[in-house]
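Thank you all for coming; I would like to walk you through one model this morning, going from a contact between chains to the packing inside a single chain. Please have a look at it first, and then we will go through it together.

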2 protein chains.
Amino acid sequence: MNQDTATPGSVRPGGRTARVRESVLRAAGDLLAERGFAHLDPAEVATRAGVGKTTVYRRWRTPAGLVADLLTEMAETSLPHADTGSLRGDLLANARLVAHTLNDPRQGRVFASLVAAATCDPATAAALRHFYDARLAEWSPCIDAAVARGELPPETDSRAVLSAVSAPLYYRLLNTGDPIGDDAATTAAEAAALAARAGLFTR
Amino acid sequence: MNQDTATPGSVRPGGRTARVRESVLRAAGDLLAERGFAHLDPAEVATRAGVGKTTVYRRWRTPAGLVADLLTEMAETSLPHADTGSLRGDLLANARLVAHTLNDPRQGRVFASLVAAATCDPATAAALRHFYDARLAEWSPCIDAAVARGELPPETDSRAVLSAVSAPLYYRLLNTGDPIGDDAATTAAEAAALAARAGLFTR
């Protein structure tokens, strides 16, 4: 079996299936950034990606299917966790990564659109939860290392600490519209570190 | 000039204009909670409110106009700030109010829909920002009082403190889908108080 006859949905890096997926998800992300989930038309995604409509409908089926796979790819390709040797350094790296992503004109709009879609589409909501689970799992070793170094109390909940870093930055993006500057990222990281050290995020 | 010929858009508490507004905004909120902004049809709002379509179109014009006025009403009728005598008590009251609102089946969906609408509609985004400005202004005396009592450093930014309380709760609603229990509200309030006392939220 060569790459071109791979099982639909399987991914072979560098193969035709992988290239089609990359083009389709790129086009889906572009459309999400430009117009939001409500106007994510699989046929237009196919046209923009230079791929047959049948391919898109067979493999991704619906706008929610496209968004779920986009979130899977975002989780797969997102940056590995930092390892700066200190809790403050690691949380600051995390906060700056989130701030950089949300400030990026395309990525910020993609995330806002995904959150918006999740409010009215259960499949997108599940995919979004799964994406955050993957991101939190990727960065949780930073919290475990801080516990091992004695910087944090045992039983510290890594999900709670990392959520505390991200939450104020998303709140600016989605709720108040306040700018997400480096000062906001620094404050988010330092406030989360302070609360974690004080034992507020223990299980 | 009697109540029935009041200037369109003016509000006379208890008068016909006020009653029409209350019915229309109630119907708009119900539809937002049920289906989201994308399906907020002014004609259906009129039917549900028992009001002529012309009235709705003349006074609110568009779905965004309905949402902007709904947010204005929500700001007008939201509860006054707490005055418990301590920063921790006031922030806990604030966190519990936010958690209660987001956990309410109707109100939680209304807020999620409003945030979603704001990601793709600039007029709704402006109305949402204005709503949060009003809420933050209502509660800022709690922070000023804590500064006056010597609980917080001078130059503490009330907007930053109060945003830190709300952000983790909205992050659960919109991003991770984690439950918004009383433990989450308490942690949000205590983490914000700790960071504020440490001077992380000074201007």
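This is a predicted model: local features need pLDDT of at least 70, side-chain atom pairs count only at pLDDT 80 or more; totals for chains, interfaces and linings use all residues.

Let me begin with one pair of side chains, R159(B) and D178(A), which form a salt bridge with their closest N and O atoms 2.9 Å apart; by salt bridge I mean a side-chain nitrogen of Lys or Arg within 4 Å of a carboxyl oxygen of Asp or Glu.

Residues are numbered from 1 along each chain as its sequence is written, chains are lettered from A and ligands numbered from 1 in the order in which they are written, and side-chain values use heavy atoms, with hydrogens and water left out.

On the side of chain B that touches chain A, the elements giving two or more residues are α6 (105-118), α7 (122-148), α8 (158-176) and α9 (182-197) of chain B, and α8(B) gives the most, with eleven residues. Helices here are DSSP runs (H or I, at least four residues) and strands are E runs of at least two, numbered from the N terminus.

How much area is buried between chain B and chain A? About 2600 Å², of which carbon and sulfur atoms give 63%, where buried area is the accessible area (1.4 Å probe) that two parts lose on being put together, summed over both. Y171(B), N175(B) and L200(B) supply 23% of the area that chain B buries against chain A, more than any other three residues.

Turning to chain A by itself, we find nine helices and zero strands, and its C-alpha trace spans about 55 × 40 × 25 Å along the principal axes.

Helix α1 (residues 16-35) of chain A packs against helix α6 (residues 105-118) of chain A at an angle of about 80 degrees, with the axes 8 Å apart; the axes are lines fitted to C-alpha atoms, for helices over the stretch in contact, and angles run from 0 to 180 degrees between N-to-C directions. That makes α1(A) roughly perpendicular to α6(A), a label that covers 65 to 115 degrees, with under 35 counting as roughly parallel, over 145 as roughly antiparallel and the rest as oblique.

The axes of helix α5 (residues 87-103) of chain A and α6(A) come within 5 Å and cross at roughly 90 degrees, and these two helices are therefore roughly perpendicular to each other as well.

Finally, R48(A) and E34(A) meet through their side chains in a salt bridge (2.9 Å, N to O), which links helix α2 (residues 42-49) of chain A to helix α1 of chain A across 14 residues. In helix α3 (residues 53-60) of chain A lies R59(A), whose side chain reaches the backbone oxygen of T17(A) at 3.4 Å.

How values were computed. A polar contact is a pair of N or O atoms within 3.5 Å; within protein, one must be able to donate a hydrogen and the other to accept it, and residues adjacent in sequence count only if both atoms are side-chain atoms.
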